[in-house]
Amino acid sequence: MINPQEVGALRVAVYPGTFDPITNGHLDVIKRSCKLFDRIIIGVAGDNYKNTLFSLEERVALVREVTRGLEGVEVKAFQGLLMDFVRREGACAVVRGLRAVSDFEYEFQMSIMNKKLSEEVETVFLMTATEYSFLSSSIIRQVASLGGCIRGLVPPAVERALYKKFNLTEKSKL
Ligand code: COA
């Protein structure tokens, strides 16, 4: 386990999620978090939590690919409790994106539970950019599976991975 004292004044935050797959909405939150913290660890939640389209390895690889070049950003998989992962990484905060009022109740519940589990860790909320406030990974999966256009909503590498997953060719896309 990393002792926060040992990493000195470095401000480390974890941005957790399932990222099935990562979208431009997530990327926007990551880029903005970079301005607030010295290091952002993107914590990709393990397979035991949701029935995912992409395997844990595929999700981690996609997040790595699309965040390559972002300074101070690292991508790691985690299993089990988020707060155990946060402690192991020596992070002082968890970053969460808020898309709409409907996110609030769940986020409120989670942040209070996480505070009970780890008193010293804060949850920091960033408002998602308005152009992505309607986005979710499942809506992207659904539209892609039916051959709909998801350009501009996910990075090109994710778009390619989705169409490959659904066996769609350039021609069969709408
Ligand atoms: N832009 C676009 N989409 C976004 C977004 C953004 N900024 N922020 C969230 N979303 C989407 C996600 O892709 C996800 O879509 P989906 O449900 O259609 O797949 C949805 O909004 C919900 O996101 P989120 O609340 O981040 O859920 P998640 O499944 O991605 O992550 C964990 C939840 C993994 C962080 C949480 O369950 C966890 O901490 N698990 C570990 C176990 C644990 O500690 N539990 C106790 C917690 S108190």
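Author: A surface patch is made of residues with over 30% relative accessible area and no salt bridge, where like charges are joined within 9 Å and nonpolar side chains (Val, Leu, Ile, Met, Phe, Trp, Tyr) within 5 Å. A salt bridge is a side-chain nitrogen of Lys or Arg within 4 Å of a carboxyl oxygen of Asp or Glu, and accessible areas come from the Shrake-Rupley method with a 1.4 Å probe, counting for residues only the protein chains shown as cover. The model is predicted, with local features requiring pLDDT of at least 70 and side-chain atom pairs pLDDT 80 or more, while totals for chains, interfaces and linings use all residues. Residues are numbered from 1 along each chain as its sequence is written, and side-chain values use heavy atoms, leaving out hydrogens and water.

Reader: Which residues form a nonpolar patch on the surface here?

Author: L81, M113 and L117 do, and together they have about 270 Å² of accessible area. L117 belongs to helix α4 (residues 101-117), and because its relative accessibility is 35%, L117 counts as partly exposed. The classes are buried (under 20% relative accessible area), exposed (over 50%) and partly exposed in between, with a 1.4 Å probe and protein chains only.

Reader: How many helices and strands does the protein have?

Author: The protein has six helices and five strands, in the sequence pattern β-α-β-α-β-α-β-α-β-α-α. Its radius of gyration is 16 Å, close to the 16 Å of the globule rule for 174 residues, so the protein is as compact as a globular protein of that length; the radius is taken over C-alpha atoms, and the rule is 2.2 Å times the number of residues to the power 0.38. Buried residues make up 47% of the 174, and the C-alpha trace spans about 55 × 30 × 30 Å along its principal axes.

Reader: Which residues are closest to the ligand?

Author: They are T18, K50, R96, S137 and S138, among 27 residues that surround the ligand, each having a heavy atom within 4 Å. A polar contact is a pair of N or O atoms within 3.5 Å; within protein, one must be able to donate a hydrogen and the other to accept it, and residues adjacent in sequence count only if both atoms are side-chain atoms. Oxygen atoms of the ligand lie 2.3 Å from a side-chain N or O atom of S138, 2.8 Å from a backbone N or O atom of L82, and 3.2 Å from a side-chain N or O atom of H26. The protein covers 85% of the 940 Å² of accessible area that the ligand has on its own.

Reader: Why is helix α1 largely enclosed by the rest of the structure?

Author: Eight of the 11 residues of α1 (residues 24-34) are buried, so the helix is largely enclosed; H26 is one of these buried residues. T23 caps the N-terminal end of α1, with a side-chain oxygen 3.1 Å from the backbone nitrogen of G25.

Reader: What is the omega of the peptide bond that joins D20 and P21?

Author: Most residues other than glycine have a negative phi, and most peptide bonds are trans. The bond between D20 and P21 is cis, with omega about 5°, and P21 sits in the loop between β1 (12-17) and α1. F19, in the loop between β1 and α1, has a positive phi near 50° and is buried at 3% relative accessible area. N167, in the segment after α6 (156-165), also has a positive phi, about 55°, but counts as exposed at 69% relative accessibility.

Technical notes
Helix = DSSP H or I, 4+ residues; strand = E, 2+ residues; numbered from the N terminus.
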